[in-house]
Structure formats: structure tokens, C-alpha cells
Amino acid sequence: MASFTGDEVQTSIPQVDRLTYQSVDCRTAMNELVSLSLRDGIAVITISNPPVNALSPGVPEGIRSTVESAANDPAVSAIVVTGAGRTFIAGADIREFAKVVSGEKPRRSLLPLLLEIEDCPKPVVMAIHGTAFGGGLEVAMAGHYRVLAASAQVGQPEVKLGIIPGAAGTQRLPRLAGVAKAVEMCAFGDPIGAREAHALEIADAIIEGDLLTGAIAFAREVAAKPCPKTRERQKKLRDTDPSIFAKARQRAEKTRRGQTAPLAAIEAVEAATRLPFDAGCAHEAELFDRCLYSTQSKALIHAFFAERAVSRIPGVPQETPVYEIRRAAVIGAGTMGGGITMNYANASIPVIVKEAGQEALDRGMAVIRRNYASSVKKGKLAQAEMDHRLSLITPQLTYDGFEQADIIAEAVFEGMALKKQVFAEIDRIAKPGCILASNTSYLDIDEIASATRRPQLVVGHHYFSPANVMRLLEIVRGRDTDKEVLATSMALAKRMNKVGVLAGNARGFIGNRMLTPYLREAQFLVEEGASVEDVNGALYDFGIAMGPLAMSDLAGLDVGWRARREFRHLEKPGVRVPLVADQLCEQGRFGQKTGRGWSKYDENRQPSPDPETAALIEQTARKAGIERRSIGREEIVDRCVFALVNEGAHLLGEGIALRAADIDVVYLNGYGFPAWRGGPMFYADTVGLKTVLARIEEFRERHGGDLWLPAPLLRRLSESGSSFGEFDRQKQAAAGV
Ligand code: T1G
């Protein structure tokens, strides 16, 4: 069973600064981030550090001084700590981590402050609304009592940033909620709601109505009572079943494959059951530092901020007006149309879904119902909510009602002629100001828009299959697409709980454009001697959710086949193209859906090597005079991943993608690229662009032609010793977004 070793730590880990947070002068007892007020003997400490009350520099200092001041004030019988705005404390300030890792700032420990809160002679009541995450929950657990608004959430999501709780969260949480729950919350990072927190005794009360009023009343009740210290609670640590940790490690290896922080979190909570509190905290701090200085943490923190930056579009300021989307209509109830319809219903937007025939419509609605039913079965959706969402969906065979829609999403068969016909039709029906969105995955948005009289209201909304599950939405800007339409699309993505990424109107936009060379190399590798299993296995071990050929078999080989036939005229003579996939399709082998493709599939869609495919590959290679050789995993990974990177650099250079980070967000949320590698562009930076360029030139040397022509931007950044991250920073500074 794997234990935490920590992935390669990039830089040496400096000693933690024992200097705790310097308190400000007690007389003032507050700073602009933390204020203190008195309500009839109850001190109210309010943290106000928008947008999420992170523990940025100045906040811990303010908390320390105000707690000290209240503790020393004879007029105070109890203390309430709360957050201003939409949330309690959402954790440590993640932006500070980079400064610590770069050595710009010393790492400061929150531990002494939390001990002071816990040792305060007057009851400290933590009043929690919104989120108490990470350091926020750790501060809350150092308090003597916690009262939650009914809608509040608490959690230790640090592992999602490649770290673990670093302020005794792994030591105090098991003492409050029990070891099993603490392992789950710290190792997997998902928050829990107020009711569950109350049932687990993390929360002492749920406050209905005004939180502060309820918290002050609660504080008044406990003012004369003793101050229970979380660190002194032992009951829930006793007789811990050791299989809790073994099971958690198994689950982490299965569901957090390749990630090191979950294993570190399990080890830290385990330490709480073996070591006294202080020693447990010291062990936690050591594990925390190993994670913090790891590449995985940098990658996951990059992914956190990248996902929040994608909605910033130069020239589309945050205050750009958006169209109100009250009603929607979808054309096509197939695999994509059905999922898109669910997205609108999930966002509480009434939606019409139109199909050409009753049978197809019934089939589409049956899939929608089945999807909802399976969520109810898994306890992810209440039956009432399922019924409500279905009630928002109107299946039909006509365009009736389309004239009232604020947006019409098209998800018909991927052919330009049909798309243009449909857009001409809906353009005639739709009301002025209605947005027309195409789900095309690679066709020219301007060409589609040319079939309408409102090209400024035409945009690509490219969802990923299954559309109701995959978080990515590529928002494709056409030549005439209005900025209000882009702003509306970004806002709609957020309403659907999707990540909207802006893409330029190039064939295949961002994701699929990069996928072409990635899949090309995977196919060339099997022609040159690697087995289908070698190629899939190497990328799977690299961390990608599914190997390239397995992914093609899942998506259906006929999808690419149709596109290749549509664009055969664009192929450059004399340029090598993959030779096997077309033959598989001509033999009706489309992958999982036909039981055979690159691999064979049983009735449970479990893959196994297909000797016929292997023979076909060998035969094809021989006929084409392709030399076959044994190929190592490193070459397989480098050729596939660097093909992605090189094409990504072309896209950036052409302005099809705004930021390298946007490309990473596309691949993390649409193509199963491991978040702990940060995305293809971030990964390239960790390898070093000089190394990437040298490898690409080596491949060009060996395989010739333009396929491995290094992108000019990649060459420029590599030669100037720069990186994609630096490219983004400079661009952001220049654009001021
Ligand atoms: N630090 C710095 N900035 C943060 C932040 C944080 N912890 N959380 C959010 N932001 C910024 C974010 O970048 C965005 O900025 C804005 O706030 C709004 O965020 C010691 C070591 C709280 C659920 O992992 O999960 O504590 O883009 O768009 O959708 O053991 O933010 O507007 O410039 O996400 O309403 C642990 C991370 C830290 C929580 C709100 N805490 N945050 O979601 O808004 S590690 C977390 C969230 C730690 C301790 C350890 C979410 C949210 P901008 P948003 P939202």
C-alpha cells in the first residue's frame, strides 16, 4: 500500500518561521481587515477581506489582536467571530503560496494564533455562513463553539491544491468529527453542509434566520460555561479502526491516481490517532511543506487560478451588459442535444427540445429521464428536483414557441449544409436579440452565421460529451459576434456550472485542433511498432484519464472519419497521414459502439487487445514501407504530449486561444488531462521549453516534414529562456485584464 513519499520537491524546504503573527498595538485592537464591536457584553469580531475573507497578510494579525483585546476587556463575557460579505473565511490566501515557495516570503504558521484562540478564557463562538474552507475551518475549530447558517458549507479542500491542511486541521477535525470523516474530508477535499456538520458535532447549532443575531444569543447562553478545547478532545480518537486508513489509501489510488497530497492527508490524520496533539501538528507541518514545494501543488494552484481567469476577455469588460436568458430552445435530442437540454433545465431555464421524428424524440427524452434517474439513485439529486427539471423540458416536433426563446442551441448532425439550413430557419423564426448558438465541434462559425441576418448574435457553444457531465464549454467567437453575446455566454456557462473558455474560429477551435496532432502521433506510433495497449497504457500512466486510442474508440472512430472525408481536400500532398483508422472504419469498426475498433470490447465495454487490428496495422505499415521498431514509454508520451504543446503554441501565436492557461483549462475539463500536471502548457513549462523544443526538433529530424515544425512562439519563448506562464503574465499586464 503506497504511503506518502511526496513527488519530487523542486526546491529545498526552508525552516518554518517560528515568528508568529505580530500583533498590532492592543489599544487599537483592529485593522482595516478585522474589526471589533461590542454588543451588550458580547464582543463581535468581523473579518472583512473581500471577496472571500482569505487569511491574507493582516487578517491573522487582526484576529489575534481583537481576540486579545476582547479577552482583556472586563465588559466582555463572550466573543463571536464572523465574516463580512458572502462568506466566513475561505482559507489561507492561496496567492501567498507562490511567494513562500519562491522564497520571497517566509512561511508563517497559523498554529500559535489558533492556540491563543483556543486558550482564550472567554468562550469564542465561530459564526459561519457561506464557506469555512481550509484555514477557515481550522480557525473555526480552534474556537470553543461553532454555529452555522443552514446554507453554510465547511471543508478541508487543500488536497485540490496539492497540499494538505497546514494549521492542525488534520489534528482537530478527527477530534470533532471522528477519524473516518476527517480522513474523507481531508484526503478527498469535498465540503459538507451544515446539517451534516451538526450531526458530526463539528457544529454546535444551526442558526435559522439572521446568523449574527443567533450567534450573539448563543454566545450569551454559553458565556458562563467552560470553554471546551478541541485539541483536548480524545473520545473520537480512541479505538480507531486501522482499516479506515487502508481503505482510504485504496480509494485515493483509484480516484486520485498519481496524486500525492491525498496520501499525505491520510498519513497526517493517522498521526492524530498515534501522536499527542503537538507532535501530530509537527508531523502535519512536515507533510504540508513537502506538498507545498511539490510540482503537483504548483500545477493544481495554477489550475485553480487558470479556471478563474478564463472569464476575463480583453475588450469585454466585466461590466459588459448581458442578455437575459429566461427561455431556451434546443434543436436535436441526440447524445449532445439531450445533454445540452439538461444543462438548461439544470440551470432552471425552461427549454424546448425539438427533434425531426417522434422516435428520435422519444429516444432522446428516455435518455434524459434515465440520466436524471441515475443521479437520484446515486443520491446526487432529490426526486422532487428531478421532477422539477423534467417539468422545465418541453419535447416537440415543431418550432412552436421558438419565437419566445432568448437563445436557440443547435445540435444537429455535423455537416455544413445542414447547419446552414437550420440556421436560416431559426433566424427567420427567432425574435430580435435571440442568440443562435451552434454546438459544432470544428465547423466554421462564420460560414454558419452567413446563413442568417444576425451574424453578430451567432456564437459557437461547443459542449463535450456527455454534455450534461463534462464541465467544459468552448465559446467560439465568430468574426461578427458581439461582445454582449460573449459576456452572456460566459455568464450562462457559470449558471450551468460549466467552465466557459473563449476560442477563436479556427477548425477544431482549441481542444479538437490540438487533438488532431495528438491522435496523429498515437496512430503513427502503432504503425511504427508500439502496440495499441502500449500507447494507451503510457498516456494512462502519465495521468490522462484514458489513452488516445481508447478515447477514439469511446467517441466513435466514425466521427473523425466523417471529418477527414469532409476535409480530405485540405490534406497536403506528400505529408504523412495515419493509415489504419480509415481502414478500421471501412470495415465497420467504429470502436466501443460496434464492439471493435483499435481494441475489442465485451458486453461490459471492457477492452482487450484485438489481434486482427494488430495484424492490420502490421500489414499496413509493411505496405507503406514504415520501419517497425520497439518504442519506449518516454517516446510515446513525449510525441503525444509535445504534439499537443506545439499545436497549443501555434494556437496562442495565432490568437485562437487568449492564454496558455486557457488551453490548460480546456484540456483539464474536456480531455481528461491530469490537473496535478497543470495542463499541457503548464506541464511544458515544468519540463522546460528548451527541452521541449529540443525534443520536437529531434522528432522533426527523425520524422521529417512540417508535422513537427516548431511553433514560432515556442521557439521564441524557448530561445529567450521564457515560459508560457511568463507569456500569459506579460499579455495580461499588457491587456490589463
Ligand atoms: N485565496 C486567495 N484568493 C481566493 C481564495 C483563497 N483561498 N479563494 C478564492 N479566491 C479568489 C478567487 O481567485 C477569485 O478571484 C475570487 O476569490 C472569487 O472566487 C492553512 C493552507 C470560496 C468556494 O481551497 O473554493 O487554507 O478571480 O470565483 O465561485 O490549512 O473560491 O475574482 O480575482 O472561486 O463564489 C483552502 C478556495 C486554501 C478555497 C468561492 N481554501 N476557494 O467560490 O468564487 S489552503 C480553498 C474556493 C488553506 C490551510 C490551507 C472558492 C469559494 P478573482 P471564486 P466562488
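**Close-up views of a predicted model**

**View 1. The residues around the ligand.** R86, E138, G166, R308 and R312 come nearest among the 28 residues around the ligand. Nonpolar means Ala, Val, Leu, Ile, Met, Phe, Trp, Tyr, Cys and Pro; charged means Asp, Glu, Lys and Arg; the others, Gly among them, count as polar. The model is predicted: local features need pLDDT of at least 70, side-chain atom pairs count only at pLDDT 80 or more, and totals for chains, interfaces and linings use all residues. Residues are numbered from 1 along each chain as its sequence is written, and side-chain values use heavy atoms, with hydrogens and water left out.

View 2. A polar contact here is a pair of N or O atoms within 3.5 Å. A side-chain N or O atom of R308 is 2.6 Å from a ligand oxygen. A polar backbone atom of A92 is 2.8 Å from an oxygen atom of the ligand. For G135, a backbone N or O atom lies 2.8 Å from a ligand oxygen. On its own, the ligand has 1,000 Å² of accessible area, and the protein covers 78% of this. Areas come from the Shrake-Rupley method with a 1.4 Å probe. The elements that give two or more residues to the shell are α2 (94-101), β5 (131-133), α4 (135-142) and α12 (295-309). Helices (H or I, at least four residues) and strands (E, at least two) are DSSP runs, numbered from the N terminus.

**View 3. Helices α3 and α4.** The axes of α3 (residues 111-118) and α4 cross at roughly 30° and come within 8 Å. Axes are lines fitted to C-alpha atoms over the stretch in contact, and angles run from 0 to 180 degrees between N-to-C directions. L114, I117 and E118 of α3 meet E138, V139, M141 and A142 of α4. Contact means heavy atoms within 4.5 Å. This contact has five nonpolar, no polar and two charged residues.

**View 4. Helices α19 and α26.** Helix α19 (residues 511-527) packs against α26 (residues 660-670) at about 75°, with the axes 10 Å apart. The two helices are therefore roughly perpendicular, a term for angles of 65 to 115 degrees. G511, M514 and L515 in α19 meet I663, V666 and Y667 in α26.

View 5. The P50 to P51 peptide bond is cis, with omega near 10°. P51 sits in the loop between β2 (42-47) and α1 (59-72). Another cis peptide bond joins S465 and P466, with omega about -5°. P466 is in the loop between β15 (458-463) and β16 (472-477). E201 is not a glycine, yet its phi is positive, about 70°. E201 lies between α7 (194-199) and β9 (205-207), in a loop.

How values were computed. A residue is near a molecule or strand if one of its heavy atoms lies within 4 Å of it. A polar contact is a pair of N or O atoms within 3.5 Å; within protein, one must be able to donate a hydrogen and the other to accept it, and residues adjacent in sequence count only if both atoms are side-chain atoms. Angles under 35 degrees count as roughly parallel, over 145 as roughly antiparallel, 65 to 115 as roughly perpendicular and the rest as oblique.
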